[in-house]
Amino acid sequence: MVDLSRPTGPRIVAVANQKGGVGKTTTAINLAAGLAEAGCKVLVVDLDPQGNASTGLGVEDRDWTTYDLILDDASLEAVVQETEISNLFVVPATVDLSSADIELFSNEKRSYLLHDALRQTAIDAFEFDFVLIDCPPSLNLLTVNAMVAAHSVLVPLQSEFFALEGLSQLMLTIREVRQTANPDLRIEGVVLTMYDNRNNLSRQVEKDARDNLGEMVFKTKIPRNVRVSEAPSYALPVLQYDSGSLGAMAYRHLAREIMHKNNKVAI
Ligand SMILES: Nc1ncnc2c1ncn2[C@@H]1O[C@H](COP(=O)(O)OP(=O)(O)OP(=O)(O)O)[C@@H](O)[C@H]1O
Ligand SMILES: [Mg+2]
């Protein structure tokens with residue numbers, strides 16, 4: 001279904017912003033669903049001890065988790081689960097992962113564990129087009145692991161006051177990761193979330209973001225939409241929960257924009 005002019009392996013994208021509640025998990029889940037709907041095979045790696053992405057994707061069985069993948073050398077086959085949605089897979093997380101930050105610290109490969117787990121040739125057998133990593137709201141070792149493992153970082157930016165504050169710290173971390181462990185790390189883009197057209201503040205945040213970050217900001221804006229916030233309690237992406245909602249349509253657009261950027265053309 002997809003023009004796979006893919007070089008080797010999947011495109012690995014870390015969804016990151018150390019600010020809490022800006023729409024990282026919502027974006028990881030619904031972008032994944034949008035990509036899957038367009039025919040891409042997608043894996044969501046839940047790298048947040050809160051496990052919200054796992055819950056939002058309807059995972060019940062959490063016997064094998066991201067913790068096992070990065071700290072217990074579990075194989076990809078053991079941890080990758082199907083979801084109810086075709087083409088969409090997940091590695092779930094539990095609160096166990098909260099101790100990983102400390103356990104990782106004493107490991108000499110501490111920044112590379114997720115890289116070694118995801119950038120292995122064994123992942124090719126799954127034929128994923130995209131791997132989306134849902135990061136915790138922190139610039140801790142888990143987030144650094146995601147940035148070392150990823151080809152790019154996708155930054156959700158909440159259309160609220162102070163949205164751009166903290167971005168410079170995030171960009172600094174990305175630069176440090178480039179200098180030390182992952183010189184090819186790119187910025188996939190910045191996506192405005194919870195956008196409210198009627199609100200001056202949303203429009204001001206958009207203007208500031210576009211003035212400061214230019215092309216880096218996706219054309220697609222994700223509107224504030226109650227269907228988006230309801231969907232996780234039904235353990236579904238909004239694309240399945242209410243396919244015609246404004247939120248679902250926005251995430252479909254974002255998926256198209258990202259596929260276009262990565263030369264994956266839906267047919
Ligand atoms: N477009 C939207 N419209 C309405 N509500 C939204 C939208 N996007 C996210 N939300 C709501 O905002 C809250 C925070 O979103 P989300 O959990 O995705 O953020 P997060 O950045 O992953 O948070 P954390 O930093 O805790 O991991 C959730 O209650 C979610 O349902
Ligand atoms: Mg989250």
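Q: What is a salt bridge?

A: A salt bridge is a side-chain nitrogen of Lys or Arg within 4 Å of a carboxyl oxygen of Asp or Glu. Side chains of opposite charge can pair when their charged atoms come close. In this predicted model, where local features need pLDDT of at least 70, side-chain atom pairs count only at pLDDT 80 or more, and totals for chains, interfaces and linings use all residues, R227 and E230 meet in such a bridge at 2.7 Å, N to O. Residues are numbered from 1 along each chain as its sequence is written, chains are lettered from A and ligands numbered from 1 in the order in which they are written, and side-chain values use heavy atoms, with hydrogens and water left out.

Q: Where do R227 and E230 lie?

A: Helices (H or I, at least four residues) and strands (E, at least two) are DSSP runs, numbered from the N terminus. R227 and E230 are 3 residues apart in helix α10 (residues 226-230), separated by about one helical turn.

Q: Which salt bridge partner does D242 have?

A: The side chain of D242 meets that of R227, with 2.7 Å from N to O. Because D242 lies in the loop between α11 (238-241) and α12 (246-261) and R227 in helix α10, the pair ties together parts that are 15 residues apart in sequence.

Q: Are E188 and R11 buried or exposed?

A: Buried means under 20% relative accessible area, exposed over 50%, and partly exposed in between (1.4 Å probe, protein chains only). Both E188 and R11 are buried, and they form a salt bridge whose closest N and O atoms are 3.0 Å apart.
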